[in-house]
Number of protein chains: 2
Amino acid sequence: MPSNKTTQCLAFEHHDHQRCQSRLLSAAKQLCHSQNIRLTERREQVLQILLQSHQPMGAYEILGQLNQNPDVSMVAPPIVYRALEFLLSVGLVHRIECKNAFIGCAHPGHASAAQFLICKGCEKVAELDNPTTSLQQEASQVGFMIDHSVVEITGLCAECQADG
Amino acid sequence: MPSNKTTQCLAFEHHDHQRCQSRLLSAAKQLCHSQNIRLTERREQVLQILLQSHQPMGAYEILGQLNQNPDVSMVAPPIVYRALEFLLSVGLVHRIECKNAFIGCAHPGHASAAQFLICKGCEKVAELDNPTTSLQQEASQVGFMIDHSVVEITGLCAECQADG
DNA sequence: TGGCATAATGTTATATTATAACGTAACTTA
DNA sequence: TAAGTTACGTTATAATATAACATTATGCCA
């Protein structure tokens, strides 16, 4: 049995990203359908752009990609921000605070407080899927009621370390 | 012996802030002196402004306070950002990513990866002083080499919960 | 002490990120 | 189909941050 020590860091492993991407898109559609919320064309466009890679994108970068399509008329920032607002609220996208950027959720539906490993080398971001951390325990020890948590670890992934 | 369960969350406790402030300023001076780096007047001004409260401040808010002094000529954003850059590099100030804001370090010299509890009620921020977390362990388990970590927990402090 | 190198500050302009405000179109449901 | 709601489009502008270059202060040592 192969070691699975990195199986929760898909972003840092070689994988069939085509499949990864379509799996996440299907999951998104299903999730929205089951919750009776609308994944409109715009929202889906933005989600698809984010799912193209495991790298976070700025809002204006997304905007740029939307506007690359010459068939469609140019759109302005609020379009993107509104789609992102929706996707964030549903948990299909996360915000990477330390980069003012956005990334597709790697574990849609798991709701939990996400934690990110952000590689400075390849700029990919892995989303850990661990529910409770010691932090949450500490917070409650001092009587703090958690609403939302941001955990972003920057550094070098294994491969980028090897590449020097 | 009184419970010390919250002693590391000074920000959320009633305390003599006058003393807190001057203690941190002295510590900063000492730290810079011992490391032979210059805490210039500008840098000290900015640090003092941040030490006035346990609430994070945006760069332009700091700028506003600097420019409140009618004796001195107006300064422009780069002044503030440069002072902040210095103070961040020395570890006298931290950046609160989820607010694009800055806060005086509550434990100067401890170097460690800081973790913040951010209250939505009183807007105060407590800096935990815990060295290694389970996160760091997890990161190294997947071969990730940590450079910097951002841990920001938003919610309600005990007092704000009580206040309804 | 004077002159050089470096570090810090000051100034202007502009880049980047985000949202307010208001109008139009589309969907939903009675 | 009318009314209410949600989503989208458009314009303008707010808020955050930095590039580039000029000036001043500091440290150093010949």
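**Close-up views of a predicted two-chain model**

View 1. Setting aside neighbours within four places in sequence, L117(A) contacts C9(A), F12(A), K124(A), V125(A), A126(A), L128(A) and I153(A) in chain A, together with A139(B), V142(B) and F144(B) in chain B.

**View 2. The largest nonpolar core, with 30 residues.** The members that touch the most other members are F12(A), L117(A), F144(A), F12(B), L117(B) and F144(B). In chain A, strand 3 (115–119), strand 4 (125–128), helix 5 and strand 5 each supply at least two residues of this core. Strand 3 (115–119), strand 4 (125–128), helix 5 (134–141) and strand 5 (145–156) of chain B also each supply at least two.

**View 3. Aromatic pair of Y60(A) and Y81(A).** Over all chains, a search of the whole structure finds four aromatic pairs. Y60(A) and Y81(A) form one that is edge-to-face, with 6.4 Å centre to centre and 70° between the planes. This pair links distant parts of the chain, since Y60(A) lies in helix 3 (residues 59–68) of chain A and Y81(A) in helix 4 (residues 77–90) of chain A, 21 residues apart. Y60(A) has 54% relative accessibility and so counts as exposed. Y81(A), at 40% relative accessibility, counts as partly exposed.

**View 4. Aromatic pair of F144(A) and F12(B).** The ring centres of F144(A) and F12(B) are 5.8 Å apart and the planes are at 15°, so the pair is stacked. The pair crosses between chains. F144(A) is in the loop between helix 5 (134–141) and strand 5 (145–156) of chain A, and F12(B) is in the segment before helix 1 (17–34) of chain B. F144(A) and F12(B) are both buried.

**View 5. Arginine over phenylalanine in chains A and B.** In chain A, the charged end of R43(A) sits over the ring of F86(A), 3.8 Å from the ring centre. In chain B, R43(B) lies over the face of F86(B), and the distance to the ring centre is 3.7 Å.

**View 6. The rotation axis relating chains A and B.**

How values were computed: Residues are numbered from 1 along each chain as its sequence is written. Chains are lettered from A and ligands numbered from 1 in the order in which they are written. This is a predicted model: local features need pLDDT of at least 70, side-chain atom pairs count only at pLDDT 80 or more; totals for chains, interfaces and linings use all residues. Side-chain values use heavy atoms; hydrogens and water are left out. Copies are superposed by least squares on the C-alpha atoms of residues with pLDDT of at least 70 in both. Rings of Phe, Tyr and Trp (its six-membered ring) pair if their centres lie within 6.5 Å; planes under 30 degrees apart count as stacked, over 60 as edge-to-face and the rest as tilted. Helices (H or I, at least four residues) and strands (E, at least two) are DSSP runs, numbered from the N terminus. Buried means under 20% relative accessible area, exposed over 50%, partly exposed in between (1.4 Å probe, protein chains only). A charge sits over a ring if NZ of Lys or CZ of Arg is within 6 Å of the ring centre and within 35 degrees of the ring normal. A nonpolar core is a set of buried Ala, Val, Leu, Ile, Met, Phe, Trp, Tyr and Cys residues joined through side-chain atoms within 4.5 Å. Contact means heavy atoms within 4.5 Å.
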